[in-house]
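Hi,

Here is the structure I promised to send over. Have a look at it first, then read on for what turned up.

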Amino acid sequence: MEADLAEQFHVSRSPVREALQALESEGTLLATPYAGALLRPLSAAEASEIAEIRLGLISLALKPAHPHLAPAHFDLAYDLAKRIRRTKSPREAFECNRRFWDIIFENAERPILWEMFQKLDDRMTRYYPLLVKELYPTPESRPRQHEALIEWYRKGEFAEALRAFKKIYLEMVDRIVDHLEAQEPAKSVE
């Protein structure tokens with residue numbers, strides 16, 4: 001409950017309300033008026049849907065961004081891709097991922113597309129602990145989709161960059177989905 005959180009953290013209800021609204025908008029909480037908020041469980045269906053939409057948005061950004069990217073952009077993106085694979089912190093992985101996509105989407109000069117991607121990216125935030133801590137706990141085990149994308153994209157090979165990214169990314173999403181489906185309680189048959 002909002003009042004309980006405000007009291008616990010010694011703040012007014014206004015910042016608590018704003019924080020809860022932000023968490024609800026990114027899909028982390030389910031809020032019920034006058035009843036409180038509950039943590040929304042990770043969902044195989046949600047992960048699949050987000051992945052499908054993200055791939056569509058990425059494909060719309062690659063070609064228009066490319067002419068605006070300098071070699072330094074590609075180098076920075078590749079360094080961020082390597083950091084995503086090396087970090088043990090879900091937060092750092094998310095931040096590096098966001099900066100990676102900033103490079104491409106900002107240079108695509110399509111602000112609505114970038115806004116939509118950011119909202120989906122925010123929604124994926126809660127899946128990072130699962131990825132970094134459980135499914136891919138070591139740098140060697142982590143997928144290389146960002147690196148593969150940049151390796152081809154740097155050469156101007158848009159279709160191959162997207163194909164390489166998509167293949168690795170969807171394998172990762174399949175692993176998330178399989179894991180989450182195995183965690184979901186069996187649905188009763190009526």
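Keep in mind that this is a predicted model. The crossing of α4 past α5 is left-handed. On the α4 side, the residues making the contact include Leu-80, Ala-81 and Ile-84, and on the α5 side Asn-97 and Phe-100 are among them. Sorted by class, this contact has nine nonpolar, three polar and three charged residues.

Now find His-146, which sits in helix α8 (residues 145-153). Is it buried or exposed? His-146 has 7% relative accessibility, so it counts as buried. Beyond its close neighbours in sequence (those within four places), His-146 touches Ala-81, Ile-84, Asn-97, Phe-100, Trp-101 and Phe-165.

Next, the inside. The largest nonpolar core has 48 residues, and Phe-100, Trp-101, Ile-104 and Leu-149 are among those with the most contacts inside it. The elements giving two or more residues to this core include α4, α5, α8 and α9 (158-183). Which element gives the largest share? That is α3, with 10 residues.

One last thing to click on is Ile-104: leaving out neighbours within four places in sequence, Ile-104 is in contact with Ala-61, Leu-62, Ala-65, Leu-149 and Tyr-153.

Cheers

Methods:
Residues numbered from 1 in each chain as written. Predicted model: local features only at pLDDT ≥ 70, side-chain atom pairs only at ≥ 80, totals over all residues. Heavy atoms only, no water. Helix = DSSP H or I, 4+ residues; strand = E, 2+ residues; numbered from the N terminus. Buried < 20%, exposed > 50% of the residue type's maximum accessible area, 1.4 Å probe, protein only. Contact = heavy atoms within 4.5 Å. Left-handed = near helix turned anticlockwise from the far one by under 90°. Nonpolar A, V, L, I, M, F, W, Y, C, P; charged D, E, K, R; others polar. Core = buried A, V, L, I, M, F, W, Y, C linked by side-chain atoms within 4.5 Å.
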